[in-house]
Amino acid sequence: MPPEHRPADRCSNDRTTDDDDGDANRSVEQGDRESTASTALDRRDVLGTGTVAAGALLGGCIGGSESSGTASVDERHPGFRSLENEVADRSLPVEGELPSWLEGTLLRTGPAKFEVGDRHLRHWFDGFAMLHRFAIDDGAVTYSNRFLETRAYEHATDEGELGYREFATDPCRRIWERFFTLFSDTTTDNANVSVATHADRFRAMTETPIPVEFDPETLETLGVVADGTDLGDLTTAHPHRDDGETINYVTDLSRTSEYRVFRMPDGEHERDVFATVSRDRPAYMHSFGLTDRYVILAEFPFVVDPLEFLVRDRPFIENYEWVPDRGTRFLVIERATGEVVSTHETDAFFAFHHVNAFEDGDDIVVDVVAYDDASIVEDLYLEEIRSEGYSPDGGRLDRFRLGETVAREALYEGPIELPGINYDRVNAEPYRYAYGVGNRENPPRDVPNTLVKVDVETGAASEWEEPGTYAGEPVFVESPDATAEDDGVILSVVLDAAAERSFLLVLDAGTFEELARAPAPHHIPLGFHGIFADL
């Protein structure tokens, strides 16, 4: 079932009826969308359209969980069980032998707490962020972990309730409170998606433009840095670094919504918007592509009506609608001028992650992990993941060649997700190897449980697997004397479900064979992204 058709997110004390919701939602039915597009409710101008807002807000208490107050602690899968334990600089045993040249720190963020009071968060992407640090020095490994103390986390722990809008779970608010939230900032800073660096500072990121800085040695939360909410409402947690600058984009939801592409030169925090693209119904785009000359936005037909987003009785992601007749559009934006120099249309598909992009003569090559539709978002609700017979969609590594037409080629049938490359060497350039998490079965019968290396030139694939384990994102670390693209190691945090402990796995990136592992003192909930830093 697409996310927009899920049962409404409810609080256990909600006493309104489904009929009430129907009356409220009928005020913004499809037939009204075109006429309201030019006057869509902008939260910055809400006073001028308060009657519309109030009428749409009569549908009951936002937030809650379909299992609120009833779900037990998950016993089936420790990868989605909360972790409360925090440790600092714990020395880990090392099994095997680490390369003598491997020194530095793996920093990761990911969801680690899935309850607030007696409520249960609904989606994998909702969990409160925890930072993890694996420091490697002279053949030894130490481990630390600490919750990211954001305002969203602190409100939940201090008040015992959700205070900010998460990906698929909203705060539980009474009818009259819902109207006033339009005037207040309920944008979450729960940065549980990725870690990035800029101006020698480390920040955790999510899909709101509120990066949270932290100390990479102690994991202490230092606060919000370069708040981008003045530019827009949504962003990607996958900025690109290239040629002395960081590039990213935000989506501003307003009367006429815009994608705003910006750059930040190294050492600066001011965002320089160099391209804008107007849209009545902007798309959900988790990442984007970059080449030497272009930014590529893959605009999937998973779109939102800005008016409904602001006033509808649904969590963030459930406002998006899959409209396959729109197809998918690749917007090619010139970095030098900010102009949209070409638009390429193809059949509908969906993706979270771009893998790489590069120019090949007059063509642009864009590699992504593609799905037939957006049902993968539905597959990642915790209720689905924890169910018996769970079978999520599996992503394919597909190549799109943008020229006079759009040619599509399968590089690896998958399953594959959380892709990575030797970023510093081959990002925005022709490349040979991609890495990701995979699955022992196709179609998948579980969350990712293997690591995979794909030769995009030949289609050959190598896998690492171990029964009863669940692998995390592979992070490539290049050898200091590397001559080949895959000279280095792969780092992955792997969960041993039976032992209910995780371990840092080190693979030879060339042979894809295990070199060493270092067991952590507890299980680490399955997460998303991290970086290796020279610390």
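Biologist: Given that two strands pair if DSSP finds at least two bridges between them, which residue stands opposite T343 in β22?

Modeller: L331 does. This is a predicted model, in which local features need pLDDT of at least 70, side-chain atom pairs count only at pLDDT 80 or more, and totals for chains, interfaces and linings use all residues. Residues are numbered from 1 along each chain as its sequence is written, and side-chain values use heavy atoms, without hydrogens or water.

Biologist: How many bridges join β21 and β22?

Modeller: There are 6, in the antiparallel sense, with β21 spanning residues 328–334. Strands (E, at least two residues) and helices (H or I, at least four) are DSSP runs, numbered from the N terminus.

Biologist: And which strands are at the edges of that sheet?

Modeller: The open sheet runs β17-β18-β21-β22 with antiparallel pairing. Its edge strands are β17 (289–290) and β22 (340–346), each pairing on one side only.

Biologist: Changing topic, which residues of α4 are buried?

Modeller: In α4 (residues 151–159) they are A152, Y153 and A156, where buried means under 20% relative accessible area, exposed over 50% and partly exposed in between (1.4 Å probe, protein chains only). Directions from the helix axis to their C-beta atoms define an arc; the buried residues fall within 100°, so they line one face of α4.

Biologist: What does the face turned away carry?

Modeller: That face of α4 carries the exposed residues D158 and E159.

Biologist: Lastly, why does Y371 count as buried?

Modeller: Because its relative accessibility is 2%. Beyond four places in sequence, the contacts of Y371 (heavy atoms within 4.5 Å) include F349, I376 and D393.

Conventions
Pairing = 2+ DSSP bridges.
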